[in-house]
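Subject: Structure handover

Hello,

Here is the structure I promised to pass on. Please open it beside this email and follow along.

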Amino acid sequence: MIHAQQKKTTVAKQKTMADNPFFHKSSLQYQAPEFDKIKDEHFKPAFDFGLKQHTQEIEKIANNPEKPTFENTIVAMEKSGEVLNRATIVFYNLTSSNTNTTLQKLEEEYAPIFASHSDNIYLNDKLYQRIKNISDNGLDAESKRLLQYYRQNFDIAGAALSSQQKNELKEVNQQLAKLETQFSNKLLEARKQGGLLISDVKELDGLSADEIAAVAADAKIAGHDGQYLLALQNTTQQPLLQNLKNRATREKLFKASWLRAEKGDKNDTRETIQQLVKLRLKKAQILGKKSFAEWRLQDQMAKKPEAAMNLMKQIAQPAVETAKREQAEIQELIKSQGGNFEVQPWDWNFYSEQVRKAKYDLDENQIKPYFEVTTVLEKGVFYAAEKFYGLTFKKRTDLPVYHPDVVAYEVFDKDGKSLAIYYLDFFTRSSKSGGAWMNNFVTQSYLLGTKPVIVNVYNFQKPAAGKPSLISFDDVTTVFHEFGHSIHGMFASQKYPSISGTATPRDFVEFPSQINEHFALEPEVLNNYAVHYETKQPIPQDLVEKIKKASKFNQGYATTELVSAAMNDMMWHSVTDESQNIPVLDFEKKALADNGFTVAAVPPRYHAPYFAHIWGGGYSAGYYAYLWSETLDNDAWEWIKSHGGMTRENGDRFRKYILSVGNSVDLNQAFRDFAGHDPDIKPLLRNRGFIK
């Protein structure tokens, strides 16, 4: 009887494993996720089995009686955790792009469990001793780099700590993982609940008929039929502010954005942030560092917080001075129109757009009809990739997707061979986090025999049924930017997954994406995709010239909002004493004032209560990375332009030295190999119009 019951249990378990798509490699091309089979209930058993399996694999490696070698230790670790990796990659992509209450509860439940699992690996002394004692004699360059990477990661994680310190660190890491997940879930709900609901269409004066139809559709979906919902994006400023003529509506929309996560309700993030700051400082101190920033930057290109701060200060001063001049222009315009108020953050985009029209005769509403989002992608982004790198793309309607809005493409290399699978998810929805990003569903690795499967996610307003999705030129730039990350992942050419593709330091990973932005205004590319969605006529050259001339317009504002957010991040994570952890709003106010950000009408791109990059994402003490990478990007672009521009020869060179190396070489040296010199900040300052 007992035997029969055991047999029945075994059969049931085997059936459960067979039915769960995470327990085996996907049968789809390049192991793309089987979204038609994946269900919410598959994650928990995959996590539990995957954690158990990975723990056993790690214990076997750590307790191997044989002399430690690169193969029996490092390569064995690279091959371990297959089921867990497959499940978590899909899970965290979905919790960002198409979540629900079931996934959110699972995320909170498993965050401390996953943190503990990571600690059990990186704080395992037997494993650490094996890694320290591996000889690099006879290893090829990439294998030596991987060995160095493992040693550094174990050291940074605290492998050399005492047993008591390790136990203390494990507790802190579990608490941090739980809090970071709580922050993300609170913020998603705060963004969803924080949208501005309007009942009188007159308050929306200035919006186009299509924009009004879109916000009416959003209200209907949210259960407010007959009203208008201005949903929030994750940034401080909201796109509709530049067109709304009603100043009271602008103020309400801005404040809805600014105050979304500080209302004293269950979605208020401030207490969570203070706990995170306290615990991150404690973690750094356990690990022998003065601040979290000092600990965090050890393996980045900047190496030390002082280097990052020095870069930001070089950019901040000219940015703020330029913003002050821009503010004076806006104030003069307000005065000329009979206004007797001082420009406020909710006024800036509305009046700066008018200044831009006056100075450059450029109207955003004139431009948008030339930028239909799918045309921008296929005739712009894909076209540039074909010209510079030789890539081609084919839509794949046979591949299952995780949401009806998602589309898939197969990517082919310059020799015609299949290179990658690429997914696109353009439109905002309440189940999606704000912003835009790139992720791998499958990472390239010669060791594992895998090719890249990549997704780009955006938050563009979904048009009303039957209408085109028209986007601003800023949004066009975002599409090029995120595809730059995808190119980085597609061109990965590493043996080992841990150092493949975009698995680089944060202050390098934005370099490929930012350089890809430059293609948006290259004449050959622009003329191919900027086509009026109704007339099918190409964008007039005089409008192109206006876009180019206006590209440096409002750069004081744009740079100040970015660098002030980055500076705030670094200040939060440079706290060295618990007494400095004052209330969130007070801390931000002091940090801005102390660093010269005195233009009240220019708020940070992200206000602390909704700064998802640093509290719920991976950019803690790392938001400066955008500016560091932009320094590399502008310098490299000047090199490209001075060596013939958008040629296949230059594309092959950039691919060879930058895009295909992953983290398998010294990245400072990789830049020198490409450009022939160390990075120079002057091209960045020139590009933003701060110097000539």
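Below are the findings, element by element.

First, the ground rules. This is a predicted model, so local features need pLDDT of at least 70 and side-chain atom pairs count only at pLDDT 80 or more, while totals for chains, interfaces and linings use all residues. Residues are numbered from 1 along each chain as its sequence is written, and side-chain values use heavy atoms, with hydrogens and water left out.

Helices (H or I, at least four residues) and strands (E, at least two) are DSSP runs, numbered from the N terminus.

**Helix α4**

Start with α4, residues 82-97. Its 16 residues should span 22 Å at 1.5 Å a residue, and its end C-alpha atoms are 23 Å apart, which agrees. The expected span is 1.5 Å times one less than the number of residues. Of the 16 residues of α4, 12 are buried. Here buried means under 20% relative accessible area, exposed over 50%, and partly exposed in between (1.4 Å probe, protein chains only). Among the buried residues are Val83, Leu84, Ile89 and Phe91. The buried residues of α4 pack against α2 (43-62), α5 (101-122) and the strands β5 (418-427), β6 (437-442) and β7 (453-460). Contact means heavy atoms within 4.5 Å.

**The sheet**

Three of those strands belong to a sheet. The sheet is open, has 5 strands and runs β3-β4-β5-β7-β6, with mixed pairing. Its edge strands, β3 (392-395) and β6, each pair on one side only. Two strands pair if DSSP finds at least two bridges between them. On average, neighbouring strands are turned by 30 degrees against each other, direction ignored. β6 and β7 pair in the antiparallel sense, over 5 bridges. Methionine 438 has asparagine 456 of β7 as its bridge partner.

Helix α16 (residues 373-389) lies across β3, β4 (407-412), β5 and β7. α16 runs at about 150 degrees to β5. Axes are lines fitted to C-alpha atoms, for helices over the stretch in contact; angles run from 0 to 180 degrees between N-to-C directions.

**Salt bridges**

How many salt bridges does the structure hold? There are 36. A salt bridge is a side-chain nitrogen of Lys or Arg within 4 Å of a carboxyl oxygen of Asp or Glu.

Take glutamate 180 and arginine 280: their side chains meet at 3.1 Å, N to O. The pair links helix α8 (residues 163-193) to helix α11 (residues 270-286), 100 residues apart. Glutamate 180 is partly exposed, at 24% relative accessible area. Arginine 280 is buried, at 1%.

Next come arginine 250 and aspartate 347, at 2.8 Å, N to O. Arginine 250 lies in helix α10 (residues 247-258) and aspartate 347 in helix α14 (residues 345-360), so the pair ties together parts that are 97 residues apart in sequence. Both residues are buried.

Arginine 429 forms a salt bridge with aspartate 405, with the closest N and O atoms 3.9 Å apart. Arginine 429 is in the loop between β5 and β6, and aspartate 405 in the loop between β3 and β4. Both are buried. They also belong to a salt-bridge network that links Asp405, Asp425, Arg429, Lys432 and Lys462.

**A helix pair**

Last, helix α13 (residues 305-336) packs against helix α21 (residues 555-572) at about 145 degrees, with axes 8 Å apart. The contact includes Met309, Met312 and Ala316 of α13, and Tyr557, Val563 and Met567 of α21.

Best wishes
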